[in-house]
Amino acid sequence: MEHLRKYFPKLLLVVLSVGVLWKGILPGFNQINWDFPNYYIAAQLFSEGHDVALFYDNDWFLEQADKYDGIYAKFTPFPPSTVFIMYPLSGFSMLLAKQIWTVLNACVLIGLIAIIRKITLWSWINATLIVVLSGFSLINNFYLGQFYLILTFLLFLGYYWDQHGKSLLSGSMFALGILFKYLPVVYLPIYLLKNRSTFFLALGTLLVMMGVVIGVVGWNATITFIDQVFLAHLQGEIAGQESQSIAFQSWGALFKNLFELEKAKILTYVVTGGVLVIYLLMIERLWKVKAHYNYLLAFTGCTFMLLLPASASYHFLLLIFPIVVLLAQLQSDRLDPPIKVILILYIAIGWFNIGYTRILWDSDHFLAILGSFPRLWLMFGLWMYVFYVLKRNVLDAYKVKISQ
């Protein structure tokens with residue numbers, strides 16, 4: 001039994017790493033799949049001098065993509081700044097660009113593991129496990145040629161530099177992440193509470209970056225994005241995709257599959273509003289008892305991952321950040337018992353595959369529809385359990401500290 005306990009993490013790491021290599025890195029290196037062309041073709045068209053505002057016309061963009069052996073691609077719902085992600089690779093063929101991108105992501109993966117180890121002081125095995133346990137989130141990032149591994153790395157870099165008093169570097173990392181994928185913006189209010197210099201430097205750097213982007217791509221593209229894409233995206237409306245798509249695994253998609261449109265919208269607002277009220281009350285209580293800001297960051301990350309209006313597997317790479325800071329702080333405060341449940345839910349979310357529920361999709365039965373959204377329910381369970389841990393363990397522990 002002692003030998004099993006000693007070697008199981010190493011064995012698990014080897015098995016999972018082989019899975020990531022076999023299912024994610026190798027096919028990602030050798031094949032062109034769905035998402036990579038969205039970034040690559042946008043960069044190519046931009047380098048050819050096309051107006052980025054045209055990219056939000058899905059028919060026009062698909063017509064341009066057809067020139068690449070009939071590949072399907074679309075630019076919506078990306079912000080205009082997305083054209084810069086693949087711009088340095090636009091001079092290469094699509095396959096060579098994908099191969100370079102895959103190698104870059106592999107290097108980022110190593111960097112992510114290294115910085116998690118620095119932040120947490122965990123062993124290399126544990127730091128690597130927490131990343132590869134994200135499962136299909138990591139696999140599909142490589143397979144599809146996505147940006148979310150880099151975005152997760154930027155979050156950890158911002159956190160790390162803030163810990164070391166490098167507010168400009170920290171703010172720049174958060175700003176760069178927000179520029180391309182706006183979800184990291186949810187962490188900035190916590191830094192307004194914790195370290196105002198990081199908050200204002202992130203905000204200032206972001207405004208400068210946005211100014212540069214607007215100067216290069218033009219006001220027309222920016223206005224088109226805000227008017228036609230941004231607000232609709234926040235409500236789970238993405239051109240070319242059905243808002244009730246089960247693949248979104250969101251509250252909006254769930255309710256649109258269960259009820260008529262108006263009732264679905266009301267229920268979405270009610271659930272979203274309720275979650276946000278509970279979130280704000282918890283943040284206020286944690287702040288009042290002077291709980292470590294890691295708990296505020298963790299609950300913020302879990303809350304907004306739960307409220308994503310449209311999600312895909314690779315989005316949940318971003319869950320690594322709140323989970324790592326939460327587990328590290330629970331261990332630091334010697335609040336270890338809840339960790340196993342958190343890990344189980346985290347692993348289940350990462351290894352969820354949308355295809356597992358496909359047999360239920362054609363049924364209109366109430367229970368079949370509910371069963372078609374397991375990642376949403378798992379994320380809700382994780383959020384509820386983190387709330388429970390913060391309320392029962394963290395708040396009590398910090399209240400005792402204050403009373404002493």
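**Salt bridges, aromatic pairs and a nonpolar surface patch**

A search of the whole structure finds two salt bridges, a salt bridge being a side-chain nitrogen of Lys or Arg within 4 Å of a carboxyl oxygen of Asp or Glu. The model is predicted, and local features therefore need pLDDT of at least 70 and side-chain atom pairs pLDDT 80 or more, whereas totals for chains, interfaces and linings use all residues. Residues are numbered from 1 along each chain as its sequence is written, and side-chain values use heavy atoms, with hydrogens and water left out.

Asp162 counts as buried, at 3% relative accessibility, whereas Lys194 is partly exposed, with a relative accessible area of 34%. Here buried means under 20% relative accessible area, exposed over 50% and partly exposed in between (1.4 Å probe, protein chains only). The charged end of Lys194 also sits over the ring of Tyr293, 4.6 Å from its centre. For such a contact, NZ of Lys or CZ of Arg must be within 6 Å of the ring centre and within 35 degrees of the ring normal. A further contact of this kind places the charged end of Lys23 over the ring of Trp22, 4.7 Å from its centre.

The side chains of Lys288 and Glu284 also meet in a salt bridge (3.4 Å, N to O). Both residues belong to helix α13 (residues 261-288), and because they are four residues apart they are separated by about one helical turn. Lys288 counts as exposed, at 60% relative accessibility, and Glu284 as partly exposed, at 38%.

Rings of Phe, Tyr and Trp (its six-membered ring) were paired if their centres lie within 6.5 Å; planes under 30 degrees apart count as stacked, over 60 as edge-to-face and the rest as tilted. By this rule the count comes to 36 aromatic pairs. Phe55 and Phe75 form an edge-to-face pair, at 5.4 Å centre to centre and with 80° between the planes. Phe55 lies in the loop between α2 (36-47) and α3 (58-65) and Phe75 in the loop between α3 and α4 (94-120), so that the pair links distant parts of the chain, 20 residues apart. Phe55 counts as buried at 0% relative accessibility, and Phe75 is buried with a relative accessible area of 0%.

An edge-to-face arrangement is also formed by Tyr187 and Phe321, with 5.1 Å centre to centre and 85° between the planes. Because Tyr187 lies in the loop between α8 (167-180) and α9 and Phe321 in helix α15 (residues 320-332), the pair ties together parts that are 134 residues apart in sequence. Both Tyr187 and Phe321 are buried. Elsewhere, ring pairs link Trp251, Phe255, Phe259, Tyr279, Phe299, Phe304, Trp377, Phe380, Trp383 and Phe387 into a cluster.

On the surface, Leu192, Phe200, Leu203, Leu207 and Met210 form a nonpolar patch with about 440 Å² of accessible area together. Patches are made of residues with over 30% relative accessible area and no salt bridge, nonpolar side chains (Val, Leu, Ile, Met, Phe, Trp, Tyr) being joined within 5 Å and like charges within 9 Å. Accessible areas come from the Shrake-Rupley method with a 1.4 Å probe, and for residues only the protein chains shown count as cover. Helix α10 (residues 196-217) contributes the largest share of the patch, four residues. Leu192 lies in helix α9 (residues 188-194) and counts as partly exposed, at 31% relative accessibility.

Methods: Helices (H or I, at least four residues) and strands (E, at least two) are DSSP runs, numbered from the N terminus.
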